[in-house]
Amino acid sequence: MHINEIETPAVLIDMDRVEANLTRAQAYADRHGLRLRPHVKTHKLPELARRQVALGAIGVTCQKLGEAEAMADGGLADIFLPYNILGPAKLDRLAALHDRVTLSVTADNAETVDGYAGRFSPEHPLTVLVECDTGAARCGVQSPQDAVALARRIAGAPGLRFGGLMSYPPQGRTAEVNDWLGSARSALEAAELPPGTISAGGTPDLMRAAEIPVATEYRPGTYIYSDRMQVAWGHGDLGDCALTVKATVVSRPTAARAVLDAGSKALAADPVPPPFEGHGHITDYPDATITALSEEHGVVDLSRCDRRPGIGETVRIIPNHACVVTNLFDTVHLVKGDEVVGRPRITSRGKLW
């Protein structure tokens, strides 16, 4: 199948760029003695997760239980689920998953730890890491002392095993993150609870991961495809972006305005940091700006373009945020050059529970 035969809107994945992105990251991790545990939220494809493992990743990271179940169904055997899992129904599913794969989870509060402890047994203990807020102001215990207290609670539960520390660090503050995690490690060692794993993550600082030497593991996600957001934050350039959305110009109401058949249901509506603007980069018309998205329409300002697309012309768009785009489509088209080499179903699309 030639890419010209693909109905729009559609997601195209440049497999040569994917391979280059994966190889570059794995080589960096190997060079610095870091275990790589990629986050699958970006691609949601077992095929690509298996390729990441084949290149040297120790396993994968999944954000939600449904996503982890889909990856287990796809043959992934070592899964980290860095999320507070709460409630009897989810704990039953977690236990069933634990029987199938090597599994670890996180907690940042006593309620979550107690829920795990009530469901898992000493015969098959669940590994739990303490999530730490090292400055990103999302989930996580607030101090190294809090980390020690929660680690003690985990270690004291017969059905649990304390696995270490996990953080989603703020961008560009690697020295602060290293100090925080280093202090927590020292406090845990003093409490005779040495952390076996110290896990950090995030694509923007992937090529600075070695600046957190206390970390033993790194969890990048978007690096496999990249997107405008990552480029704006300093990770690579637009030439590294493997995911594009193919769209068709369906209207030209004025000489300076085009309308695409890709709106918020195809491109998502995430803003992008400077120096970029708009809702995506049209590769053949780099001076065009996608100024607005409704559900099914993308409005394009062509006023800065010397050459302008006509009605019926197809274009390819590098989105602002590839991870969200993946979750908007049932399938993607894997391409090499102009040929489609695969059309896998996104098995964990919508697995938000």
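# Helices, strands and their names: a guided visit

Guide: Welcome! A hairpin links S10 to S11 through two residues. This is a predicted model in which local features need pLDDT of at least 70 and side-chain atom pairs count only at pLDDT 80 or more, while totals for chains, interfaces and linings use all residues. Residues are numbered from 1 along each chain as its sequence is written, and side-chain values use heavy atoms, with hydrogens and water left out.

Visitor: What makes S10 and S11 a pair?

Guide: Strands pair if DSSP finds at least two bridges between them. Strand S10 (residues 243-254) and strand S11 (residues 257-260) have three bridges, in the antiparallel sense, so they meet that definition. The names come from DSSP runs numbered from the N terminus: helices are H or I runs of at least four residues, and strands are E runs of at least two.

Visitor: How do you know that S10 pairs with S15?

Guide: Four bridges join S10 to strand S15 (residues 314-318) in the antiparallel sense, and Val245 stands opposite Ile317 in S15. S10 also pairs over four bridges with strand S1 (residues 10-14), again antiparallel; there Ile13 faces Leu243 of S10.

Visitor: Why are H4 and H5 called oblique?

Guide: The axes of helix H4 (residues 88-98) and helix H5 (residues 110-119) cross at roughly 60° and come within 10 Å. Such axes are lines fitted to C-alpha atoms, for helices over the stretch in contact, and angles run from 0 to 180 degrees between N-to-C directions. Angles under 35 degrees count as roughly parallel, over 145 as roughly antiparallel, 65 to 115 as roughly perpendicular and the rest as oblique. H4 and H5 are therefore oblique to each other.

Visitor: What is the hand of the crossing of H4 and H5?

Guide: H4 passes H5 in a right-handed crossing. Right-handed is the name if the near helix is turned clockwise from the far one by less than a right angle, and left-handed if anticlockwise.

Visitor: Which residues make the contact of H4 and H5?

Guide: H4 brings Leu91, Asp92, Leu94 and Ala95, and H5 brings Gly115, Tyr116 and Arg119; contact means heavy atoms within 4.5 Å. They divide into four nonpolar, one polar and two charged. Here Ala, Val, Leu, Ile, Met, Phe, Trp, Tyr, Cys and Pro count as nonpolar, Asp, Glu, Lys and Arg as charged, and the others, Gly among them, as polar.

Visitor: What makes H5 and H6 roughly parallel?

Guide: H5 packs on helix H6 (residues 144-155) at an angle of about 10°, with the axes 10 Å apart. H5 and H6 are therefore roughly parallel to each other. Ala110, Val113 and Asp114 of H5 touch Leu150, Arg153 and Ile154 of H6.

Visitor: Why are S2 and S3 called edge strands?

Guide: An open sheet of eight strands, paired in parallel, runs in the order S2-S9-S8-S7-S6-S5-S4-S3. Strand S2 (35-36) and strand S3 (60-61) each pair on one side only. Inside that order, three bridges join strand S7 (residues 160-166) to strand S8 (residues 197-201), and Met166 has Ser199 in S8 as its bridge partner. H4 packs on this sheet, touching S4, S5 and S6.
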